[in-house]
Amino acid sequence: LPKRERAFRLKPDLLLKRSSGETLLILDTKYKRPGMSGGQPSSPEDVYQMLAYATRLGCPRVVLLYPQPAGATSTRREYEIIESRMRFIVATVNLRRPLSDPSPLIDELGEVLRPFARSAEGKVVIGG
């Protein structure tokens, strides 16, 4: 048999882990307009990527984060993959604000992550 090589590098942008190493949350950012069609993400590739992360890392909690388009309201939609434990959130955040005071951005990210807050009780390590 020929030697197997890695086909793809599966590394999300941000992982929240317990100090034991258990992955609590996967967060991946996209630097493009969020495509939504009929309330569903119109980029199945992004969803497939998140499913690959969740499967490889054994973590059913995933956030797909997009920049909020100018003049648009924030988007936060939660989805569940049928017949699996995987839940994922597609959200936008407003990056068009001065970062001299990061509090509004931190608050907005807190609102996006709130549905997963109960899962993160105990000591958490951030990695990426």
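What follows is a short chat about the cores, strands and salt bridges of a predicted model.

Me: Which residues touch the most other members in the largest nonpolar core?
Reply: Ile-26, Met-50, Val-62, Leu-64, Met-86, Phe-88 and Val-90 do, in a core of 14 residues.

Me: Which elements give two or more residues to this core?
Reply: Helix 1 (44-57), strand 5 (61-67) and strand 7 (87-93) do. Helix 1 has the largest share, with four residues.

Me: What does Ile-26 touch, leaving out residues up to four places away in sequence?
Reply: Its contacts include Pro-12, Leu-14 and Leu-15, then Met-50, Tyr-53, Ala-54 and Leu-57. Cys-59, Arg-61, Val-62 and Val-63 are on the list too.

Me: And what lies apart from that core?
Reply: Another core, of 11 residues, with Leu-25, Leu-27, Ile-89 and Val-112 among them.

Me: Switching to strand 7. Is it mostly covered or uncovered?
Reply: Mostly covered, since six of its seven residues are buried.

Me: In which sense does strand 5 pair with strand 7, parallel or antiparallel?
Reply: Parallel, over seven bridges. In this pairing Val-63 stands opposite Ile-89 of strand 7.

Me: Now charges. How many salt bridges are there?
Reply: Seven. One of them joins the side chains of Asp-46 and Lys-32, at 3.2 Å from N to O. That pair links distant parts of the chain, 14 residues apart: Asp-46 is in helix 1, and Lys-32 is in the loop between strand 2 (23-29) and strand 3 (36-37).

Me: Is Asp-46 buried or exposed?
Reply: Asp-46 counts as buried because its relative accessibility is 5%, under the 20% cut-off. Lys-32 is partly exposed, at 38%.

Me: What does Glu-78 form a salt bridge with?
Reply: Arg-87, with the closest N and O atoms 2.6 Å apart. Glu-78 is partly exposed at 44%, and Arg-87 counts as partly exposed at 26%.

Me: And Arg-114, which residue is its partner?
Reply: Glu-111, again with 2.6 Å between the closest N and O atoms. Glu-111 counts as partly exposed, at 41% relative accessibility.

Me: Which residues do shared partners join into one network?
Reply: Asp-28, Lys-30, Lys-32 and Asp-46.

Notes: Residues are numbered from 1 along each chain as its sequence is written. This is a predicted model: local features need pLDDT of at least 70, side-chain atom pairs count only at pLDDT 80 or more; totals for chains, interfaces and linings use all residues. Side-chain values use heavy atoms; hydrogens and water are left out. A nonpolar core is a set of buried Ala, Val, Leu, Ile, Met, Phe, Trp, Tyr and Cys residues joined through side-chain atoms within 4.5 Å. Buried means under 20% relative accessible area, exposed over 50%, partly exposed in between (1.4 Å probe, protein chains only). Contact means heavy atoms within 4.5 Å. Two strands pair if DSSP finds at least two bridges between them. A salt bridge is a side-chain nitrogen of Lys or Arg within 4 Å of a carboxyl oxygen of Asp or Glu.
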